[in-house]
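Please look over the sequence and the structure below before reading the notes. The points that follow are grouped by topic.

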Amino acid sequence: MKIISDALELKTYLKTMSKRVGFVPTMGALHDGHLSLIKRAKEECAFVVVSIFVNPTQFLQGEDLESYPSRNDADLKICELSGVDVVFLPQAKDIYGEDELSIVAPNVRGFVLEGATRPGHFNGVLTVVNKLFNIVNPDFAYFGKKDAQQLNLISLMVKQLFMSVVIVPVDTVRESDGLAMSSRNIYLSKEERVKALKISTALYEATKMVGSGELDITVIKEKMLRILSPLEIGYVEILNRDFEYIREVQLSKSIILVEVLVGRTRLLDNLWI
Ligand code: AMP
């Protein structure tokens, strides 16, 4: 496995690559969620590149950029054992210079949910993903459904900018008790970890209601808000898969999304129904 930190070195190295290149962008502190993306990439592509980069431009002032978990040695071992061909491990100075241009998230889809609670976040995400795609030039790129809005906006960017990469959505991997895996879960104390289970409970309750014929979003949200009420709620929404507001659940075309703060840890989860 090669480890490369210089963007142009990686770009040159991959330029003559004749194999199908699969790309998994991450911020490191790898867990089984990331692994499922890598596994899928390995299944579908002969050459797999993983990037590990905690992208500063997607963190807002006062967020956890400085304390974001970093475990490069363990991450590299995981990548090696998973058969990754190249790990791209840049520093911020390898990616960003002075007086940078940036991609701006779309006015509607980019400014609901996380775009509303974290203004500017998606500009940072889209900018770095655009840069990474230009460096790696992948055939396929793998993203978790757990970050559903991110996945939606990246797919939109690829379509609107006529990029040729294929975006592959990958299902959310959960702990055995239902908590969606996240690098930020390590911030949770024992008590907070228990409280965080209300997220998956609320999501499963909502799907049960839908399963028994309740499609009215106000009614479903009320129940979810009751379950989540001991936590600080960022948002609870049920949208269609284009991230538009709807009144009734459209079966197989909707997403239930939750953002909560558990202690000081912001957790996201969603179910596609
Ligand atoms: P991150 O390192 O948090 O930026 O995540 C890198 C990629 O892994 C993103 O595409 C995430 O959506 C995906 N991911 C994170 N957590 C999970 C999970 N529990 N299951 C599946 N994919 C995930």
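**A serine, a ligand and a helix**

The backbone oxygen of alanine 29 is 3.2 Å from a polar atom in the side chain of serine 183. The model is predicted.

**Serine 183**
- Serine 183 sits in the loop between E6 and helix H8 (190–195).
- Serine 183 has a relative accessible area of 6%, and the cut-off for buried is under 20%, so serine 183 counts as buried.
- A polar atom of the serine 183 side chain also lies 3.3 Å from the backbone oxygen of glycine 28.
- Leaving aside residues up to four places away in sequence, serine 183 touches Gly28, Ala29, His31, His34, Tyr68 and Pro69.

**The ligand**
- The ligand is surrounded by 17 residues, and the closest are Met27, His34, Asp147, Val173 and Met181.
- In the side chain of aspartate 147, an N or O atom is 2.6 Å from an oxygen atom of the ligand.
- For histidine 34, an N or O atom of the side chain is 2.8 Å from an oxygen atom of the ligand.
- Methionine 27 has a backbone N or O atom 2.9 Å from an oxygen atom of the ligand.
- The ligand taken alone exposes 480 Å², and the protein buries 92% of that.

**Helix H2**
- Helix H2 covers residues 32–44, and its 13 residues should span 18 Å at 1.5 Å a residue; the end C-alpha atoms are 18 Å apart, which agrees.
- Gly33, His34, Ser36, Leu37, Ile38 and Ala41 are the buried residues of H2.
- These buried residues pack against strands E2 (21–26), E3 (47–52), E5 (140–144) and E6 (166–170).

Note on methods: Residues are numbered from 1 along each chain as its sequence is written. This is a predicted model: local features need pLDDT of at least 70, side-chain atom pairs count only at pLDDT 80 or more; totals for chains, interfaces and linings use all residues. Side-chain values use heavy atoms; hydrogens and water are left out. Helices (H or I, at least four residues) and strands (E, at least two) are DSSP runs, numbered from the N terminus. The expected span of a helix is 1.5 Å times one less than its number of residues. Buried means under 20% relative accessible area, exposed over 50%, partly exposed in between (1.4 Å probe, protein chains only). Contact means heavy atoms within 4.5 Å. A residue is near a molecule or strand if one of its heavy atoms lies within 4 Å of it. A polar contact is a pair of N or O atoms within 3.5 Å; within protein, one must be able to donate a hydrogen and the other to accept it, and residues adjacent in sequence count only if both atoms are side-chain atoms. Accessible areas come from the Shrake-Rupley method with a 1.4 Å probe; for residues, only the protein chains shown count as cover.
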